[in-house]
Amino acid sequence: MKEEDFKKLVRDIPDFPKKGIVFKDIAPLFASAKAIKALTAQVASHFKNKSIDVVVGVEARGFLLGPLLADAIDASFVMVRKPCKLPGAVVSQSYALEYGEDTVEIQQEAFPMGSRVLLHDDVLATGGTAIAASQLIEKLGGTLVGAHFIIELAFLNGRTRFMDCPIHATMKY
Ligand code: AMP
């Protein structure tokens with residue numbers, strides 16, 4: 001499927017969750033079996049020859065495509081979650097928001113040191129969340145091989161914060 005065809009399945013919701021934000025609703029995309037099959041296959045073919053061991057998905061919407069993608073490239077799936085959701089020993093990373101800060105966590109034993117990791121989330125906006133997740137991957141001794149986002153809000157320049165890591169986005173706005 002072409003980018004324009006995927007874009008027909010994303011709804012813009014103005015002023016959600018707060019005034020001034022145009023929320024990209026991917027529910028219609030996931031409601032289409034044909035689109036999800038095509039999306040999974042296309043992203044998988046992009047990363048197939050990169051010897052990826054683990055797909056790391058970010059809570060919550062990174063948990064939708066993440067496991068499908070992991071299955072398609074014969075990798076395992078690991079969750080990055082909001083604070084206090086993961087049991088056992090965890091590693092945390094805080095990052096700045098427009099007002100205040102937020103934290104993401106990963107389980108300490110999530111993957112073996114030296115694993116080749118693909119980071120995945122639904123939307124790359126300012127990049128704060130993705131950078132924090134990539135720092136968690138680094139803290140666990142993983143190698144960040146690439147990152148995939150269903151949607152990139154290119155006007156927010158989140159991509160420029162990833163120095164060496166190749167970023168792939170299915171749809172760009
Ligand atoms: P950021 O840390 O600014 O890159 O924001 C990325 C996170 O916020 C992702 O996990 C997205 O799910 C969510 N997000 C940010 N902007 C939007 C948007 N316009 N529509 C939907 N989700 C968004």
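Okay, quick definition before anything else: accessible areas here come from the Shrake-Rupley method with a 1.4 Å probe. With that in hand, the protein exposes about 9100 Å², and carbon and sulfur atoms supply 54% of that area. And please keep in mind that this is a predicted model.

Let's do the overall picture. We have 5 helices and 9 strands in the protein. Starting at the N terminus, the order reads α-β-β-α-α-β-α-β-β-β-β-α-β-β. How compact is the protein for its length? The radius of gyration is 16 Å, close to the 16 Å that the globule rule gives for 173 residues, so the protein is as compact as a globular protein of that length.

Of the 173 residues, 45% are buried. For contacts between residues at least 6 apart in sequence, 57% join residues at least 24 apart. On the charge side, there are 20 positive and 20 negative side chains, and the centres of those two sets lie 5 Å apart.

Now the inside. Nonpolar side chains tend to be buried together in soluble globular proteins. So what does the largest nonpolar core look like here? It has 25 residues, and the ones with the most contacts inside it are V56, V80, I106, F111, L119 and F162. Quite a list of elements each put at least two residues into this core: β3 at 54-58, β4 at 76-80, β5 at 90-96, β6 at 101-107, β7 at 116-124, α5 at 128-139 and β8 at 143-152. Which of them gives the largest share? That's α5, with 6 residues.

There's also a second, separate core, with 24 residues, including A38, V55, L118 and V145.

Setting aside neighbours within four places in sequence, F162 is in contact with L119, L124, A130, I131, S134, L144 and I167. L119 is another residue from that list of the most connected ones.

Next, S115. This serine is in the loop between β6 and β7. Buried or exposed? S115 has a relative accessible area of 6%, and the cut-off for buried is under 20%, so S115 counts as buried. As for who sits around S115: not counting residues up to four places away in sequence, S115 touches D53, V54, G141, G142 and T143.

Which peptide bonds are cis? One of them runs from F16 to P17, with omega near -5 degrees, and P17 is in the loop between β1, at 11-14, and β2, at 22-25. Another is the bond from E59 to A60, again with omega near -5 degrees. A60 is in the loop between β3 and α4, the helix at 62-72.

Then phi. D15 isn't a glycine, and yet D15 has a positive phi of about 60 degrees. D15 is in the loop between β1 and β2, and with a relative accessible area of 41% D15 is partly exposed. C84 isn't a glycine either, and has a positive phi of about 65 degrees. Where's C84? In the loop between β4 and β5. C84 counts as exposed, at 74% relative accessibility.

Two more residues and I'm done. K50 is in the loop between α3, at 33-47, and β3. With a relative accessible area of 33%, K50 is partly exposed. Sequence neighbours within four places aside, K50 is in contact with R116 and V145, and V145 belongs to that second core.

How far is P14 from P166? Their C-alpha atoms are separated by 30 Å, and the two residues are 152 apart along the chain.

That's my tour. Happy to bring up any of these spots on the screen.

Definitions and conventions:
Residues numbered from 1 in each chain as written. Predicted model: local features only at pLDDT ≥ 70, side-chain atom pairs only at ≥ 80, totals over all residues. Heavy atoms only, no water. Helix = DSSP H or I, 4+ residues; strand = E, 2+ residues; numbered from the N terminus. Rg over C-alpha atoms; globule rule 2.2 N^0.38 Å. Buried < 20%, exposed > 50% of the residue type's maximum accessible area, 1.4 Å probe, protein only. Contact = heavy atoms within 4.5 Å. Lys, Arg positive; Asp, Glu negative; His and termini not counted. Charge placed at Lys NZ, Arg CZ, Asp CG, Glu CD. Core = buried A, V, L, I, M, F, W, Y, C linked by side-chain atoms within 4.5 Å.
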